[in-house]
Amino acid sequence: MDDDRLQWIYSATSPTELRERYEVWAAEYDSDLDGMQWLAPLAGAQRCHHFAGPDAAVLDAGCGTGLVGTHLRAASVGSLVGFDLSPAMLQQAATRRWSCGGVYDHLVLGSLLEPLPFAAASFDAVVSVGVFTIGHVGPVALRGLTAVVRPGGHVSVTFRDDSVGPLGYEAEAERLQLEGVWRLVERTEAAPLITEGGVGAPMRVWTWQVLG
Ligand SMILES: C[S@@+](CC[C@H](N)C(=O)[O-])C[C@H]1O[C@@H](n2cnc3c(N)ncnc32)[C@H](O)[C@@H]1O
């Protein structure tokens, strides 16, 4: 693949348009991203597992085709729910198998820009990879993630270095910290977790602990 497909995705101007584009892309998403050295799912899964432990109940927010879930299963996870805007991406995730069952215990269709359809504090951890980025989900949705994690649990999110400040994610994260909603426990070193036009784009996994 060339990078045109990714730029097409980044240039979506509304959630409806973004969903329509993922509907078109879903079947080729994995092979296209494989060609772009998409390492963020592994990085996000590793940090989530590190903080949440092997028996955690985890929400994969914006699970897409299930790349993060596959890495989490390999590391060990207690239970795993996938949530995504795109039915076609969820259909791909549903085909992933692990041991005798699916990678995900449940797959749920919905938007991170609306109240999440999960009980308060019902997860030990949330992981979100490639979702809080250009043309996707704005900073306002970070607060929603904290609502479904139990006090003491963790939220691990990947950000591109070139958008974490300009798109307002860092400011919203600091606001939540000042409000006592969460505290930053780790920001990984910058690493090229995706390659565009032959050049690695620096990304990091940020992890917060949700406070009681
Ligand atoms: C770049 S893909 C990342 C998928 C997967 N996490 C991975 O690492 O491969 C972004 C995903 O976010 C989903 N998404 C975009 N906007 C969303 C929203 N408002 N609510 C839930 N999911 C959303 C898309 O449907 C897509 O599956």
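What follows is a conversation between two colleagues about a predicted model and the reasons behind the terms used to describe it.

Colleague: What makes the protein chain as compact as a globular protein of its length?

Modeller: There are eight helices and 10 strands in the protein chain. Its radius of gyration is 16 Å, close to the 17 Å that the globule rule gives for 212 residues, so the chain is as compact as a globular protein of that length. The C-alpha trace spans about 45 × 45 × 30 Å along its principal axes, and 43% of the 212 residues count as buried.

Colleague: Why is Leu90 called buried?

Modeller: The term requires 20 or more other C-beta atoms within 10 Å, and Leu90 has 22, so the residue is buried.

Colleague: Why is Gln37 described as partly exposed?

Modeller: Partly exposed covers the counts between the limit of 12 or fewer for exposed and that of 20 or more for buried, and Gln37, with 13 other C-beta atoms within 10 Å, is therefore partly exposed. Gln37 sits in the loop between H2 and H3, and has a positive phi of about 50° although it is not a glycine.

Colleague: Which other residue has a positive phi without being a glycine, and what makes it exposed or buried?

Modeller: Ser99 has a phi near 55° and is a residue other than glycine. Its position is in the loop between strand S3 (97-98) and strand S4 (101-102), and, since 12 or fewer neighbours make a residue exposed, Ser99 with 7 C-beta neighbours inside 10 Å counts as exposed.

Colleague: What is the span of H3, and how does it stand against the expected value?

Modeller: H3 has 13 residues and reaches 18 Å from its first C-alpha to its last, which is close to the 18 Å expected at 1.5 Å a residue. Its buried residues include Ala40, Ala43, Arg47 and His49, and H3 is followed by Gly53, whose phi is positive, near 85°.

Colleague: Why is strand S7 described as largely enclosed?

Modeller: Nine of the 12 residues of S7 (residues 149-160) are buried, so the strand is largely enclosed by the rest of the structure.

Colleague: How do you know that S7 pairs with S6 and with S10?

Modeller: At least two bridges are needed for two strands to pair. Five bridges join S6 (residues 123-128) to S7, the two running parallel, while S7 and S10 (residues 199-210) are joined by seven bridges in the antiparallel sense. By way of example, Phe123 has Val149 in S7 as its bridge partner, and Thr158 has Val205 in S10.

Colleague: What unit do S6 and S7 form together with helix H6?

Modeller: S6, H6 (residues 141-147) and S7 make a β-α-β unit that is right-handed.

Colleague: Which residues make up the surroundings of the ligand, and which elements contribute to them?

Modeller: The ligand is surrounded by 22 residues, the closest being Gly62, Gly64, Leu85, Ser86 and Gly130. The elements giving two or more residues to this shell are helix H2 (15-34), helix H3 (40-52) and helix H4 (67-75), and the largest share, three residues, comes from H2. By class, the shell has 15 nonpolar, six polar and one charged residues.

Technical notes: Residues are numbered from 1 along each chain as its sequence is written. This is a predicted model: local features need pLDDT of at least 70, side-chain atom pairs count only at pLDDT 80 or more; totals for chains, interfaces and linings use all residues. A residue is near a molecule or strand if its C-beta atom, placed from the backbone, lies within 6 Å of it. Helices (H or I, at least four residues) and strands (E, at least two) are DSSP runs, numbered from the N terminus. Ala, Val, Leu, Ile, Met, Phe, Trp, Tyr, Cys and Pro count as nonpolar, Asp, Glu, Lys and Arg as charged, and the others, Gly among them, as polar. The expected span of a helix is 1.5 Å times one less than its number of residues. A crossover is right-handed if, with the strands pointing away from the viewer, the path from the first strand over the helix to the second runs clockwise. The radius of gyration is taken over C-alpha atoms; the globule rule is 2.2 Å times the number of residues to the power 0.38.
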